[in-house]
Amino acid sequence: MRKLRFICDMIIMLLICNSPALWALCGIGSGIKTAAVILLTLFYLTYLITSGGRQDQNKKLDRIAKGSYMLSLSVVMLIFETAAIIIFIITGRLTLWRQLANGLTGYGLIALSALAGILRTAISARQVKLIWYVLLMIFWYVPILNIIILTNISKAAKKEFRFEQAKQELDFGRKESEVCKTKYPILMVHGIFFRDWQIFNYWGRIPAELAKNGAEIYYGKQQSAELIEVSAGEIRDRILQVIEETGAEKVNIIAHSKGGIDSRYAISCLGMDRYVASLITINSPHYGCKFVDKILSKVSDDLLGFVEKRYNKLYTVLGDTKPDFVKGLQELTFERCSRLDEEAPDKEGVYYLSVMSKMKNVLSAGFPQNISYLMNKPYGTGNDGLVTVESALRGDNTLMIEHEGTRGLSHGDLIDLMRENIDGFDVREFYVNLVKDLKEKGL
């Protein structure tokens with residue numbers, strides 16, 4: 001049915017694009033021609049406004065579907081219109097001015113259709129990489145190249161639509177079961193050099209997906225860079241605040257990067273084992289980051305002080321009360337984390353799980369994770385761009401994510417940093433399964 005509609009739209013669009021030529025070639029009365037042009041114009045305007053493609057109740061997905069459809073049709077129309085113009089030139093049945101008018105009309109209407117499709121995808125599609133829009137701006141008038149670029153944008157948008165529609169249907173089908181409705185609320189604790197901002201969620205699309213499936217989500221809200229003891233104290237206060245707000249006896253903690261170490265300290269050294277049912281650490285450097293030791297030994301005090309001064313000033317504006325870039329960095333050294341591991345042993349009654357992923361090559365992530373990936377290579381069997389496998393997999397209960405693709409999974413991928421749909425790994429569904437497992441354990 002969709003293919004039939006596409007073909008019908010293509011035929012009608014061909015008639016519209018070549019209306020100047022058809023007006024001259026058709027031997028019918030001018031009244032009928034005028035009526036036909038008016039009807040075709042109305043169709044075209046309706047097409048621009050409503051488009052074709054799949055209809056979806058989700059407005060965002062609807063725009064993605066329609067944008068992708070318009071781009072696909074524009075590409076096909078561009079090819080057919082070029083062929084039609086060549087035929088008109090070869091046959092010589094049109095005057096030069098009529099040929100020029102027909103070409104300008106055809107390419108102009110196709111460009112307008114493509115622009116409408118681009119606007120829809122740019123507004124709603126998140127999986128179309130910015131580079132394709134930039135290339136289109138540069139090469140939109142270059143034959144072949146413009147077709148390749150438009151095709152890639154359309155494919156990426158179509159792929160996103162199918163992925164998100166499938167996820168939407170999955171969530172709808174399990175809505176009543178509330179697979180993530182755990183006994184205790186979820187406290188999500190961020191890593192170093194970030195904060196919990198409402199505008200830009202540290203955890204990407206993950207919290208919304210968990211909430212959609214019944215989870216009760218709260219955030220650690222600790223400062224971006226501080227001593228582990230200080231950050232742990234802030235997490236302790238946050239745990240007690242969540243318990244007071246919800247009336248729950250305990251919380252489940254999901255912590256990323258340094259947040260996992262801060263949370264362990266709060267549980268083991270600040271008495272929070274009474275109020276924490278579980279701790280899942282995601283790519284946390286439990287035994288430190290040896291490449292940080294290397295950086296601190298190589299970088300001059302002047303350069304470190306320069307960066308610290310500007311970082312602390314920026315994050316004070318962003319909400320920290322007393323950020324300390326250097327102290328936060330020093331807390332990730334091998335010596336400091338190894339000593340902490342002895343000071344903060346696991347507590348009985350708390351369920352622990354340490355999760356880890358790794359990049360497979362330097363192209364698995366962008367700057368600066370690709371650089372730190374190379375710096376980390378001598379220190380373990382693999383790393384995620386910041387943390388080695390050996391440092392993250394702590395305790396008897398561990399989970400190493402094996403990504404089948406050639407890309408691998410970086411430190412940022414595990415918190416959906418780039419909001420990217422990664423082939424072979426659905427980060428949102430991964431967290432749904434983590435929390436679902438907590439629910440099944442009665443936590």
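## A partly exposed residue

Ile-131 is partly exposed, with a relative accessible area of 46%. Partly exposed means between buried (under 20%) and exposed (over 50%), using a 1.4 Å probe and protein chains only. Ile-131 sits in helix α6, residues 130–139. Helices are DSSP runs of H or I with at least four residues, numbered from the N terminus.

This is a predicted model, in which local features need pLDDT of at least 70, side-chain atom pairs count only at pLDDT 80 or more, and totals for chains, interfaces and linings use all residues. Residues are numbered from 1 along each chain as its sequence is written, and side-chain values use heavy atoms, without hydrogens or water.

## A nonpolar patch

Leu-130, Ile-131, Val-134, Met-137 and Ile-138 make a nonpolar surface patch of about 510 Å². Patch residues have over 30% relative accessible area and no salt bridge; nonpolar side chains (Val, Leu, Ile, Met, Phe, Trp, Tyr) are joined within 5 Å, like charges within 9 Å. A salt bridge is a side-chain nitrogen of Lys or Arg within 4 Å of a carboxyl oxygen of Asp or Glu. Areas come from the Shrake-Rupley method with a 1.4 Å probe.

## Two pockets

A pocket is an open set of points on a 1 Å grid, with protein on both sides within 12 Å along at least five of seven lines; lining residues have an atom within 4 Å of a point. A volume is the space filled by probe spheres set on the points.

The largest pocket has a volume of about 1,200 Å³. Its lining has 44 residues; Phe-367, Pro-368, Gln-369, Ser-372 and Leu-386 lie nearest the centre. Helix α15 gives the largest share, 4 residues. The lining holds 27 nonpolar, 10 polar and 7 charged residues. Here Ala, Val, Leu, Ile, Met, Phe, Trp, Tyr, Cys and Pro count as nonpolar, Asp, Glu, Lys and Arg as charged, and the others, Gly among them, as polar.

The second largest pocket holds about 530 Å³. It has 19 lining residues, and nearest its centre are Leu-78, Ala-111, Trp-140, Asn-146 and Leu-150. Helix α5 supplies the largest share, 6 residues. Helix α6 also supplies at least two. The lining has 17 nonpolar residues, 2 polar and no charged.

## Two cavities

A cavity is a set of points where a 1.4 Å probe fits but cannot get out. The structure holds 2 cavities of 30 Å³ or more.
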